[in-house]
Amino acid sequence: MTGSGSRTAAASVARTLARRGLRISLAALLGLAGVYVLALKFTPVELRQGPAQKIFYLHVPAAWSALIAFSLVGVTSALYLWLHDPRLDRFAASSAEVGVAFSAVMLTTGPIWAKPIWGTWWTWDARLTLTLFLFFLFIGYLALRASVHDPEERARFSAVVGILGMLLVPFIHLSVYLFRTLHPQPVVLKPSAPSLPPEMLRTLLVSTAVFTLLYVGLVTLRYALALAEEARDEAAEATDAG
Amino acid sequence: MAESLRLALAVAGKDIRAELRSRTALLSAVVFAALVLVVFNFARDPTALAATDLAPSVLWVTFALAAMVALNRAFTIEREHGALDGLLLAPLPRGALFAGKLLANLAFVGTVEAVTLPLFVLFFNVDLWRALPGLIGVTALATIGFVSVGTIFSAMAVRTRFAELMLPVLLLPFMVPPLIGAVQVTSRLLAGRPLSEMLGWLRLLALYDVVFVTLCTMAFSAVVDE
């Protein structure tokens, strides 16, 4: 009886969280529409890059959210191995999934901008390579999660991958950096980082806030989903046992 | 410490004896490496690219793929007949167990590499003699790093569905820094460049080894203990 009681409680927590996540995500999506208007209508066109530069207002905030997502996976993974709290594992899983989505946005908007500006879709620049490998790493993380059945074992395995992944990042960065400085590549046209005019900075900051909100909303939704799935699995097991 | 080392060597000895009795995994890994070399030879255009320019990358991609095949084996043998449960029940610190598996894997991958190297010289007509001591050193340095990550991942991968696919997907990103470093050092060794030009890479490889061997030894108990 207590088992079914806690299941109902978990399910109701999941419902509350899902509603909250949905509300936050919808607000963020509305904000995103606002960012489009702000970026296209009320922000000046960059002199040298022209309209292509507008993608900057999506690309950079998406990269920002992906970075937050992956850092938090690393931190919660380390905490999980210490505290063994299933909430940390659920959060890491949700954050990884949302992070992969934001990385996909970053990795598609990047080349779209790079083709007209750099003259190439892709270059093996340190930052590009690093983000690509982070993306692969977290795809692997999610693939691992999907292929371990036992929840407790899944949590331990993915926490280990999360921690090792966090430590891999500086190594990839360092080796790609060394690789490039020793082998100079043809100099591609790269925008020097100009101090942004205030209107552009404003749009960027608004967009970053919107993307952060979207991250929070999506992770909340995903977390609620994970809770609901667990409750369903437990209920199914209880039915099987009964 | 001495006791842990003795236990680690016992675990490694068990793995090596088991492998020497059947030899199937070792033989297939060696044949696999030879095949990769052959395929590479046909994958390049000999008129466009000299064999020596391509040699370091070919060597290291072959080593990486062969290591992957070898690592898949490490814990599959423990899965049969609940052998891993037996190992875990033994009064054996987890660190020593990990070190033992790591040593056995290093012996295994090292053997495959040692057999691949002469074949590589044969197929790609590279003059190795001068560079051989350095090459052995950098191979050891790079191999320790990725085999240690590979050992812990193979312990996880055998407990998943699609184990053979899971290991490469997880391990390949971790192979990137050692592989980049090893290829860079190898090409400088083959070109007879001075040591000072490789020092940065060698430091990076050594740092990778220290960080990941330590971390994997510590994390191993989280993988095997329920």
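How many residues does the contact take from chain A, and how many from chain B?

## The contact between chains A and B

This is a predicted model. The contact takes 25 residues from chain A and 25 residues from chain B. On the side of chain A that touches chain B, two elements give two or more residues: α4 (126–147) and α5 (151–182) of chain A. The most comes from α5(A), with 16 residues.

That side of chain A divides into 20 nonpolar, three polar and two charged residues.

## Chain A as a whole

Chain A has six helices and zero strands. Read from the N terminus, the order is α-α-α-α-α-α. The C-alpha trace spans about 70 × 45 × 25 Å along its principal axes.

Of the 242 residues in chain A, 35% are buried. Take the contacts in chain A between residues at least 6 apart in sequence: 83% of these join residues at least 24 apart.

## Helix α2 of chain B

Helix α2 of chain B covers residues 24–43. At 1.5 Å a residue, its 20 residues should span 28 Å, and the end C-alpha atoms are 28 Å apart, which agrees.

Which residues of α2(B) are buried? They are B:Ala29, B:Val30, B:Ala33, B:Val36, B:Leu37 and B:Phe40. Seen down the axis of α2(B), the buried residues fall within an arc of 115°, so they line one face of the helix. An α-helix has 3.6 residues a turn, so residues three or four places apart point the same way.

The face of α2(B) turned away from the buried side carries exposed residues: B:Thr24, B:Leu27, B:Val38, B:Val39 and B:Phe42.

Note on methods: Residues are numbered from 1 along each chain as its sequence is written. Chains are lettered from A and ligands numbered from 1 in the order in which they are written. This is a predicted model: local features need pLDDT of at least 70, side-chain atom pairs count only at pLDDT 80 or more; totals for chains, interfaces and linings use all residues. Helices (H or I, at least four residues) and strands (E, at least two) are DSSP runs, numbered from the N terminus. The expected span of a helix is 1.5 Å times one less than its number of residues. A residue is buried if 20 or more other C-beta atoms lie within 10 Å of its own, exposed if 12 or fewer, and partly exposed in between; C-beta atoms are placed from the backbone. The arc is that of the directions from the helix axis to the C-beta atoms. Two residues are in contact if their C-beta atoms, placed from the backbone, lie within 7 Å. Ala, Val, Leu, Ile, Met, Phe, Trp, Tyr, Cys and Pro count as nonpolar, Asp, Glu, Lys and Arg as charged, and the others, Gly among them, as polar.
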